[in-house]
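User: Hi! Could you walk me through how some helices pack in this protein, and what its main pocket looks like?

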Amino acid sequence: MQNLATVAAQVGVLFALMAVGAVCRRVRLVDEASVKGMVNVLLLVVTPSLIIDSFQRPFDPAMVHGFFWAFAIAAFAHVAVILFARLFSRGGDRSRPVLRLAMVFSNAGFMGIPLEQAILGSEGVFYGIVYVVVFNFFMWSWGLYEMRGKVPLSNSNSKLELKERWRSLRPMLVNPGTVGIAIGLPLFFASLSLPAILKTPIGLLAGLNTPLAMLVIGFYLAGADFRRVVRMPSAYLAAAVRLLVYPFAMVALLFPLRTHFPREMMLALVTAASAPVAAMVSMFASKFSRDVDLSVGLVSGTTLLSIFTMPPVIALAMEVL
C-alpha cells in the first residue's frame, strides 16, 4: 500500500501539470501552432539533452552491464508484442495500423521518464533512456512500415533508388534518441564530464522534459473526442494490451531475473512499459492519412486511464522485483 500511495502521488503530480495544459487551451493562452512548436522542442532539443545529461556520471561497469541487458530485454518485449499485435488486431486499412502501434508503443519518453525521475532518481532515468532508444528504433522501422505501408522499389541500383532506400532507413538510424546516445555514451565510458558552460544549459534543458511534456499532453487531452474510440470494440483490446497485458507481462518476464539485475533497471522497464499510448502514434496517423480520430482517442483515453493503471502495476513491480 505504501508503494501504491507513493506511485499514485507522483502520477497525480503529472496529471496536475496536464491540467495546467488543459486550462491553457481552454483560456486560449496557447494554440495548436505553439504546441506543435513545443513538441518540436521536446523531440529535437529536450530529448537529446536529457539523454546526454543522464550519462553525465562516473563510469560504472555494473551500469554498463545493466544498460546492455535493459536494451536486450526492451527489444525482446517489443518484438513479442509486435507479433501479438499482428495476430490479434482487427480493423480496416485505416484503423488496423493505428491499433497495432497503440498496443506496442508506450509514451515512455513523455510519461515514463518523468515518473522514473520522481520514483527512481537519475539511475532510473539512465535505464529508462534505454527503453526510449529501443522505442525509437522500432517506431521508425516497423511502426513506419505499418503506417506508411510497403513502398515498392525496383531492382535497379540507380542513385535515385539508393537515395530512396536511405531516406526510408535514415529515421531509424538518426533520430533524437540515437543522437543523444552517440554523444552521451562515449562520455560515460570515458568518465568525461562536460565543462560547466555546456553541462549547465544541457541540464536545464533536460529539466524541461517533465513540465513541457505534461503541458502538451494536457493541451491535447482538453480537445480530445472519444466518440470514435468508444464505438470500436477493438480499441478496448488495444487499450487493455497497452495498459495491462504488456506491463504485467513485463513484470512476469523480469521476475525470474530479479536477482541478476539492478532493481532500478527492472523498475524503469516496467514504468516505461506501463505508460499510455505514445503520442507518436497520432503523429504518424496524421502524416500517413490513417484513422486520426481513433489514434487521438486512444492516446487521450489511455492517458486518462493510466492514472488508475500505472500505480498498481508499478507498485506490484516495486513489491516483487
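This is a predicted model: local features need pLDDT of at least 70, side-chain atom pairs count only at pLDDT 80 or more; totals for chains, interfaces and linings use all residues.

User: How are H4 and H15 oriented to each other?

Analyst: Helix H4 (residues 96-104) and helix H15 (residues 292-320) have axes 9 Å apart, at an angle of about 20°. Helices here are DSSP runs of H or I with at least four residues, numbered from the N terminus, and axes are lines fitted to C-alpha atoms over the stretch in contact, with angles from 0 to 180 degrees between N-to-C directions. Angles under 35 degrees count as roughly parallel, over 145 as roughly antiparallel, 65 to 115 as roughly perpendicular and the rest as oblique. H4 and H15 are therefore roughly parallel.

User: Which residues of H15 make the contact with H4?

Analyst: Contact means heavy atoms within 4.5 Å. On the H4 side it involves Val 98, Leu 99 and Ala 102. Their partners in H15 are Leu 294, Ser 295 and Leu 298.

User: How is H4 oriented to H14?

Analyst: The axes of H4 and H14 come within 9 Å and cross at roughly 160°. That makes H4 roughly antiparallel to H14.

User: What classes of residue form the contact of H4 with H14?

Analyst: Val 98, Leu 101 and Ala 102 in H4 meet Val 281, Phe 284 and Ala 285 in H14. Ala, Val, Leu, Ile, Met, Phe, Trp, Tyr, Cys and Pro count as nonpolar, Asp, Glu, Lys and Arg as charged, and the others, Gly among them, as polar. By class, this contact has no charged, no polar and six nonpolar residues.

User: How does H1 lie relative to H10?

Analyst: Helix H1 (residues 2-26) and helix H10 (residues 209-222) have axes that come within 6 Å and cross at roughly 55°. That makes H1 oblique to H10.

User: How do the residues of the contact of H1 with H10 divide by class?

Analyst: The H1 side includes Leu 14, Arg 25 and Arg 26, and the H10 side includes Met 214, Ile 217 and Phe 219. The division for this contact is two charged, three polar and 13 nonpolar.

User: Which helix supplies the largest share of the lining of the largest pocket?

Analyst: Helices that each supply at least two lining residues include H2 (32-54), H6 (122-148) and H14 (279-287). The largest share is eight residues, and it comes from H2.

User: How do the lining residues of the largest pocket divide by class?

Analyst: Among the residues of this lining, eight are charged and 13 are polar. The rest of the division is 28 nonpolar.

Key. Residues are numbered from 1 along each chain as its sequence is written. Side-chain values use heavy atoms; hydrogens and water are left out.
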